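I opened a new page for this structure.

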Amino acid sequence: MFHSRLHSFSRLMISLTLATGLAALAGGAKAQDKRQNTPGEFDFYVLSLSWSPSFCEEAAERGGRSQTQCSGRPYAFVVHGLWPQYENGFPEYCQRPSPRLNRSIVSSMLDLMPAPGLIFNEWDKHGTCSGLADRSYFETIRKARAAIKIPAEYLDLSQAKTVAPAEVEEAFIKANPGLSNAAVSITCNRTRLSEVRICLSKDLQFRACEEIDRRACRRDQVAMPPIRGG
């Protein structure tokens, strides 16, 4: 009798586990945008600006280094990417294989994105989802970056600085009329400021983005390493 009940209990637990798993899969499928990975069909962009000194220190700790970005002239904020987004979630790798990126475009973008590998990756993962040809996509990145003013205190940071993420956010809001707390978020790793992410409409106007804001850094303070060579 005991073994019969134990067997029945085990079967019940297996059934419940399978049902839970199927429900989770169904929920995940439901959460995915119906336009998922259709080029050109998205709601807004995120312009991601990476604090280069943090990236270079982390690369050095891992034993690797981007020679262009970390061994050349000093960089402050550089463009990580311009990412098409849905209100919930995002597309990626919308064309496989992706159209081949012309090397002249890569060379033309090194002033904003000082790592050829990054440029190729951003095109494959995000640019193919924009619905734009490669040259138009990178021209859009340039326009988006030109629309953002970097706060003066971060242009030539010669000494390490400890900041509150909210302080960096407010500095960007102050430097960019029309930008609000709902349209910008700061990301970090365990100890360092990583990126400033700014949400833009398809015509590159500031716009709110709740999901991006929910992923923001929750630390009270983070480090900003100084600009290399500074």
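In which sense do strand β1 and β5 pair, and over how many bridges? I looked this up first. The model is predicted, and in it β1, residues 44–51, pairs with β5 in the antiparallel sense over 6 bridges.

Next I turned to β4. This strand covers residues 184–188 and runs antiparallel to β5, with 5 bridges joining them. Opposite Val 184 I found Ile 198 of β5. The two strands, β4 and β5, form a hairpin, and 4 residues lie between them.

Then I checked burial. Is β5 largely enclosed or left open by the rest of the structure? I counted 8 of the 8 residues of β5 (193–200) as buried, so the strand is largely enclosed by the rest of the structure. Buried here means under 20% relative accessible area.

Last entry: cavities. I searched the whole structure and found 1 cavity of 30 Å³ or more. The volume of the largest cavity is about 50 Å³. Which residues of its lining are closest to the centre? There are 11 lining residues, and I listed Gln 69, Arg 73, Pro 74, Tyr 75 and Arg 228 as the closest to the centre. The elements giving two or more residues to this lining are α2 (52–61) and α3 (67–71). By type, I sorted the lining residues of the largest cavity into 5 nonpolar, 4 polar and 2 charged.

Methods: Residues numbered from 1 in each chain as written. Predicted model: local features only at pLDDT ≥ 70, side-chain atom pairs only at ≥ 80, totals over all residues. Heavy atoms only, no water. Buried < 20%, exposed > 50% of the residue type's maximum accessible area, 1.4 Å probe, protein only. Pairing = 2+ DSSP bridges. 1 Å grid on protein atoms, 1.4 Å probe; cavity = no way out; pocket = protein on both sides within 12 Å on 5 of 7 lines; lining within 4 Å. Points joined across faces, edges and corners; volume = space filled by probe spheres on them. Nonpolar A, V, L, I, M, F, W, Y, C, P; charged D, E, K, R; others polar.
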